[in-house]
Amino acid sequence: MNNALRITAFAAALAATFGTAYGVGRSVDPLVAAEDRPAQHGGHGGGEEAGEGKEKPKAAADHAAGGLGISDGGYTLALENPVVRAGARSEIRFTVKDDSGRKVTAYRREHGKELHFILASSDLTQYRHLHPVRAADGTWSTSVELPEAGGYRAFADFTPAAAGAENLTLGADLAVSGAYRPAPLPAPRATAEADGYDVALDGDLRAGRSGELKLTISRNGRPVTDLQRYLGAYGHLVALRSGDLAYLHVHPNEGGPGPGVSFTATAPSAGTYRLFLDFRHEGKVRTAAFTVRVPESAEKAGDHQESTSGSKGRSKNEGAAGHAH
């Protein structure tokens with residue numbers, strides 16, 4: 001590849017990253033967790049507000065999406081190398097800093113780890129769930145090879161050990177240089193293949209209402225009934241919303257060790273979501289991915305229909321009030 005082409009490809013990767021950042025900054029819909037609190041990764045904080053000074057409703061603020069902001073709750077995620085090369089083994093280094101600019105060196109352990117690190121491409125076709133190592137000075141590092149160039153989002157999911165600190169998910173942009181070829185989001189399907197395993201998805205992810213998602217794992221046509229615990233559970237589910245990559249980390253309901261693992265979650269709005277299931281069997285962690293489209297909630301659709309039919313019956317002199325969504 002000549003120098004001009006390399007520069008063009010690198011610029012495209014940076015442009016994709018900045019485009020992702022713009023989409024994140026424009027997001028206003030929170031991704032909320034399920035009403036069944038024990039079934040999920042409790043206490044996720046929200047990202048930076050995007051309401052231009054307007055106060056969010058309390059319910060939305062309490063359940064704001066994770067990963068939408070680089071800073072939250074007085075803590076900031078700082079990537080030391082925000083650019084890596086596609087197809088090459090790279091070390092990603094980062095720190096979490098408090099509101100005084102000091103590196104955080106003490107964390108509470110959750111699900112066996114002090115910090116969970118997620119990487120996802122802006123087109124949601126690439127996903128990595130990593131567990132970096134922390135140095136004594138508070139610098140985290142992890143090795144990763146990302147095959148596709150473009151914009152990525154890095155999520156740090158952690159709880160500082162400071163008194164009164166809550167669980168946070170912070171997000172920062174990562175550029176992967178190389179020939180950038182954006183891929184369309186895979187179409188929704190009820191089954192997925194993961195390293196020789198077949199995973200079937202049953203249930204609904206609904207807007208504004210909690211719903212159960214059950215994932216059943218089989219291999220060679222036989223159900224897998226001896227799943228192994230991974231970070232203290234028989235499965236971990238991460239949901240990312242297409243467009244702004246809002247982050248929801250859900251843990252399974254009671255049950256196991258297979259073949260089915262169930263989760264309870266709530267989508268905040270209609271739209272498209274990408275689900276990533278991590279499960280462990282025979283000593284190895286596999287990941288199955290699903291695309292899910294969430295329709296507008298029945299209640300909202302009914303309200304809209306009622307409002308529309310009601311306005312039709314009014315005379316021209318009465319006028320009609322606008323219906324806001």
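## The lining of the second largest cavity

By class, three nonpolar, four polar and one charged residues line the second largest cavity. Here Ala, Val, Leu, Ile, Met, Phe, Trp, Tyr, Cys and Pro count as nonpolar, Asp, Glu, Lys and Arg as charged, and the others, Gly among them, as polar. The lining is made up of Ser121, Ser122, Asp123, Ala149, Gly150, Gly151, Tyr152 and Tyr180. Strand β9 (residues 150-158) gives the most, with three residues; a strand is a DSSP run of E of at least two residues, numbered from the N terminus.

A cavity is a set of points on a 1 Å grid over the protein atoms alone where a 1.4 Å probe fits but cannot get out, and lining residues have an atom within 4 Å of a point.

## How the model is read

This is a predicted model, where local features need pLDDT of at least 70, side-chain atom pairs count only at pLDDT 80 or more, and totals for chains, interfaces and linings use all residues. Residues are numbered from 1 along each chain as its sequence is written, and side-chain values use heavy atoms, leaving out hydrogens and water.

## An aromatic pair

Now to the rings. Seven aromatic pairs turn up in a search of the whole structure. The ring centres of Phe94 and Trp140 are 6.3 Å apart with planes at 10°, so this pair is stacked (centres within 6.5 Å, planes under 30 degrees apart, with the six-membered ring used for Trp). The pair joins distant parts of the chain, with Phe94 in strand β4 (residues 89-97) and Trp140 in strand β8 (residues 140-145), 46 residues apart.

Both Phe94 and Trp140 are buried (under 20% relative accessible area, 1.4 Å probe, protein chains only).

Notes
Phe/Tyr/Trp six-rings, centres within 6.5 Å; stacked < 30°, edge-to-face > 60°. Helix = DSSP H or I, 4+ residues; strand = E, 2+ residues; numbered from the N terminus. Buried < 20%, exposed > 50% of the residue type's maximum accessible area, 1.4 Å probe, protein only. 1 Å grid on protein atoms, 1.4 Å probe; cavity = no way out; pocket = protein on both sides within 12 Å on 5 of 7 lines; lining within 4 Å.
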